[in-house]
Each structure stands twice: as structure tokens, then as C-alpha cells.
Amino acid sequence: MGTSFIPALLAIEPEPSDLTVVITGLLLVFLILILLTLIITLQGKFFDSLEAKKKQAKSAPAPSAPAPAKPVNGGNVSAAAVLPAPGAVTPEIVAVIAAAVASMEQGAFTIRSIKPVSRAAQASGRKAWGQAGVQSNTAPF
């Protein structure tokens, strides 16, 4: 009985040492971290090149615009009457703002003035919707 037990013990493979397991684990973790770093770097370069192509497409000269149409009423309408001044609020913008306020307030309201906000007036440098998102996500409970 004792002679058949010894060959069975010799058939068992020895387990790896603790040091081997630790070294293998550390190497695997760092190799995967390096691989992830390379993937993220390449992805950043890819998206930067796409953005550069978009900027080049925007900066490319646009095809020549068609000749302006002749006025119907004999040409006695000035350009200032047709186009609003830069930075002016058009009646269409007033109507859109009034509709937005009416849908949000669902009650009586009065719009007293509408003024465009300049970039210098904004301390954060964000656009209005970006600033609203920051305020919404960072509001205290």
C-alpha cells in the first residue's frame, strides 16, 4: 500500500512561488496600463486630425455667392431697413424668447427688455447653456 502512494505524490506539479505570482501580476498590470495609454494617445491624435480637417474645410474659400437680387419696388428701400444692425435684437428673436418664457412660466409675465450678453460680461468665458449646466450640476442640495 505504501509503494503506490509515493508515485502519486511525485506526479503533482509544484505550485509557483509567491514571488513568481507577484512579479507576473505586476508585469501584467503595467503592460495593460501602457497599452491603454497608447490607445488613448492614438485616439487623441486621430480626433485632433479630424478637427484639423474640419478647420481646413471651414477656412477654405467658399464658392462665390450669386449676384444679389434686384429689389422689386424699384430700389428705394435702403439696406439699413432690410438688415438689422449688428447686435440688435430682431422681432423674430423677441417672439422666440417670449414663447420660451411663456412655455416655462405658464402664467402672466412681462418682458421688459432683451439685451445680448457680451463675452466680456461673462466671467467664466462659457456660453449661456454651458454656464447653466455648470450651475445645475454644482448646485448645493
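This is a predicted model: local features need pLDDT of at least 70, side-chain atom pairs count only at pLDDT 80 or more; totals for chains, interfaces and linings use all residues.

Trainee: How many of the residues count as buried, as a percentage?
Mentor: Buried means under 20% relative accessible area. The protein has 141 residues. Those that count as buried come to 1%.

Trainee: What pattern does the secondary structure follow along the sequence?
Mentor: The protein has five helices and zero strands. Read along the sequence, that gives α-α-α-α-α.

Trainee: Where is Leu28, a member of the nonpolar surface patch, placed?
Mentor: The patch covers about 1,000 Å². Its members include Val22, Leu28, Phe30 and Ile40. Leu28 has a relative accessible area of 51%, so it counts as exposed. Its place is in helix H2.

Trainee: Which two side chains meet in a salt bridge?
Mentor: The count comes to one salt bridge. Side chains of opposite charge can pair when their charged atoms come close. Here the N to O distance is 3.9 Å, and the cut-off is 4 Å. The partners are Lys55 and Glu51.

Trainee: Why are Lys55 and Glu51 separated by about one helical turn?
Mentor: Both sit in helix H2, residues 18-59. Lys55 is exposed at 54% relative accessible area, while Glu51 is partly exposed at 43%. The turn follows from their spacing in the helix, because they are four residues apart.

Trainee: Are the rings of Phe46 and Phe47 stacked or edge-to-face?
Mentor: The count comes to one aromatic pair. The ring centres of Phe46 and Phe47 are 5.4 Å apart, and their planes stand at 65°. Planes over 60 degrees apart count as edge-to-face. So the pair is edge-to-face.

Trainee: Is Phe46 exposed or partly exposed?
Mentor: Exposed needs over 50% relative accessible area. Phe46 has 48%, and Phe47 has 43%. Phe47 is partly exposed. Phe46 also counts as partly exposed.

Trainee: What span does helix H4 reach from its first C-alpha to its last?
Mentor: Helix H4 runs over residues 91-105, which is 15 residues.

Trainee: Which residue takes a positive phi just after H4?
Mentor: Look at the position just after the helix. The phi there is about 50°. The residue is Gln106.

Trainee: Which residues does Ile114 contact, leaving aside neighbours within four places in sequence?
Mentor: Ile114 lies in the loop between H4 and helix H5 (128-137). At 26% relative accessibility, Ile114 counts as partly exposed. Contact means heavy atoms within 4.5 Å. The partners are Val89, Val94 and Ile97.

Trainee: How far apart in space are Ile114 and Ala88?
Mentor: In sequence, Ile114 and Ala88 are 26 residues apart. The distance in space is taken from C-alpha to C-alpha. It comes to 9.7 Å.

Definitions and conventions
Residues are numbered from 1 along each chain as its sequence is written. Side-chain values use heavy atoms; hydrogens and water are left out. Helices (H or I, at least four residues) and strands (E, at least two) are DSSP runs, numbered from the N terminus. The expected span of a helix is 1.5 Å times one less than its number of residues. Rings of Phe, Tyr and Trp (its six-membered ring) pair if their centres lie within 6.5 Å; planes under 30 degrees apart count as stacked, over 60 as edge-to-face and the rest as tilted. Buried means under 20% relative accessible area, exposed over 50%, partly exposed in between (1.4 Å probe, protein chains only). Patches are made of residues with over 30% relative accessible area and no salt bridge: like charges are joined within 9 Å, nonpolar side chains (Val, Leu, Ile, Met, Phe, Trp, Tyr) within 5 Å. Accessible areas come from the Shrake-Rupley method with a 1.4 Å probe; for residues, only the protein chains shown count as cover.
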